[in-house]
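Hello,

Here is the structure I said I would pass on. My notes on surface patches and aromatic contacts follow below it.

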Amino acid sequence: MAFFTVATTLAVIALVAFVAGRWVRSSRWVGAVAAVLLVAYTALNSFVTLDHREVGIQTALGRYISTLNTGGIHYKSPWSSVEKFDQTIQTVDLSSISVSFSDGGGVEGIEEIGGGKGLINATVRWQMSRDEDGARLLWERYRTFESVSASLVERTARDAVINIANAYPAATAIISQREIAEQVRTEVERSLDPYGVVIDSVSIPAIDLDDSTQAAVDRLFTTQQDIKRAQNEQRRAEIDAETVRIREAEGALSPAANQRYCLEIVNAWDVAQNGPLPATFNCAMTGSGDSPAIIVDGSSPTPSGSGGSPAPTQDEEAPEAEPSE
């Protein structure tokens with residue numbers, strides 16, 4: 001519209017000046033200047049320069065004409081205009097997106113907490129392709145590059161974050177940031193593909209739960225850890241019981257084997273570190289049948305630091321117990 005206004009004005013001035021020149025010779029100079037200006041103005045509006053990282057949409061009178069998808073100087077109709085769309089990677093920061101988490105699901109067999117709320121921060125990196133149909137569709141719906149970023153990319157990404165995060169229980173969401181980000185990227189790519197918008201990456205650096213939801217999640221993980229600890233202790237007890245059964249079956253817990261084990265302890269005793277063995281410590285075996293025992297004269301074998309005679313070694317025979325009267 002501006003071109004037509006200026007060009008028409010210069011053309012009228014030139015025409016009137018040339019007509020008036022029949023009577024006033026100096027008016028011809030005015031006409032010549034107006035004509036030169038008209039030609040120059042037309043030439044300046046007939047070319048446009050695009051950066052190699054830009055796509056141009058040529059329009060005239062509010063209608064699409066063509067897509068200029070290569071960098072350099074392009075000829076265009078002098079009355080048309082070109083809207084430039086940046087092709088470099090753009091970054092959209094989405095902060096404090098409010099989400100309401102799912103009631104369902106669970107974490108490794110533990111009943112999940114119900115609902116809860118939180119805030120998610122996300123970053124989306126995107127760029128336009130050189131697809132002609134996509135660029136045309138972007139211009140027809142959003143007109144400017146700024147509107148594409150704010151009204152299309154940002155809104156689509158925000159909706160995708162909310163829809164996907166809302167399907168996660170709170171306790172699962174805070175340990176699934178990468179998984180949620182990948183699902184958001186897939187959803188946004190699917191929605192923006194017809195427009196020729198390419199998603200470079202989506203990242204979710206933080207998921208902040210509200211106080212009540214965070215407290216519930218903390219209790220959930222504490223319960224989970226307690227259950228795992230109990231399961232591990234139960235498994236350890238089962239292994240120990242099985243070990244005892246195997247040793248009993250192999251005779252490893254017989255009185256003779258027990259005595260050999262006691263002598264091995266005595267031989268390996270570190271006097272410098274543990275002090276001398278108690279004087280009452282010995283490897284005499286009491287008990288019969290399936291219950292052999294290593295005794296320390298009825299007292300605990302805790303080192304007392306007092307002196308005493310050395311305990312028998314493997315090369316020595318244990319003293320025979322005197323028969324009772």
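D133 sits in helix α3, which covers residues 132-142. This is a predicted model. With a relative accessibility of 59%, D133 is classed as exposed, since the cut-off for that class is over 50%. Together with D131, E132 and D193, D133 forms a negative surface patch.

There is also a nonpolar surface patch, of about 450 Å², made by L15, V19, W23 and V24. Of these, L15 belongs to helix α1 (residues 2-20). L15 has a relative accessible area of 57% and is therefore exposed.

On the aromatic side, 7 pairs were found in the structure. One of them joins F85 and F145: the ring centres are 6.2 Å apart and the planes stand at 80 degrees, so the pair counts as edge-to-face, the angle for that being over 60 degrees. F85 is part of strand β5 (residues 81-86) and F145 is part of helix α4 (residues 145-165), so this contact ties together parts that lie 60 residues apart in sequence.

Are the two partners buried or exposed? F85 has a relative accessible area of 0% and is buried. F145, at 10% relative accessibility, counts as buried too, because the limit for that class is under 20%.

Separately, the residues F3, F4, Y41 and W79 make up one aromatic cluster.

Regards

Note on methods. Residues numbered from 1 in each chain as written. Predicted model: local features only at pLDDT ≥ 70, side-chain atom pairs only at ≥ 80, totals over all residues. Heavy atoms only, no water. Patch = residues over 30% accessible without salt bridge, like charges linked within 9 Å, V, L, I, M, F, W, Y side chains within 5 Å. Areas by Shrake-Rupley, 256 points an atom, 1.4 Å probe, with all protein chains shown as cover. Salt bridge = Lys/Arg side-chain N within 4 Å of Asp/Glu carboxyl O. Lys, Arg positive; Asp, Glu negative; His and termini not counted. Charge placed at Lys NZ, Arg CZ, Asp CG, Glu CD. Helix = DSSP H or I, 4+ residues; strand = E, 2+ residues; numbered from the N terminus. Buried < 20%, exposed > 50% of the residue type's maximum accessible area, 1.4 Å probe, protein only. Phe/Tyr/Trp six-rings, centres within 6.5 Å; stacked < 30°, edge-to-face > 60°.
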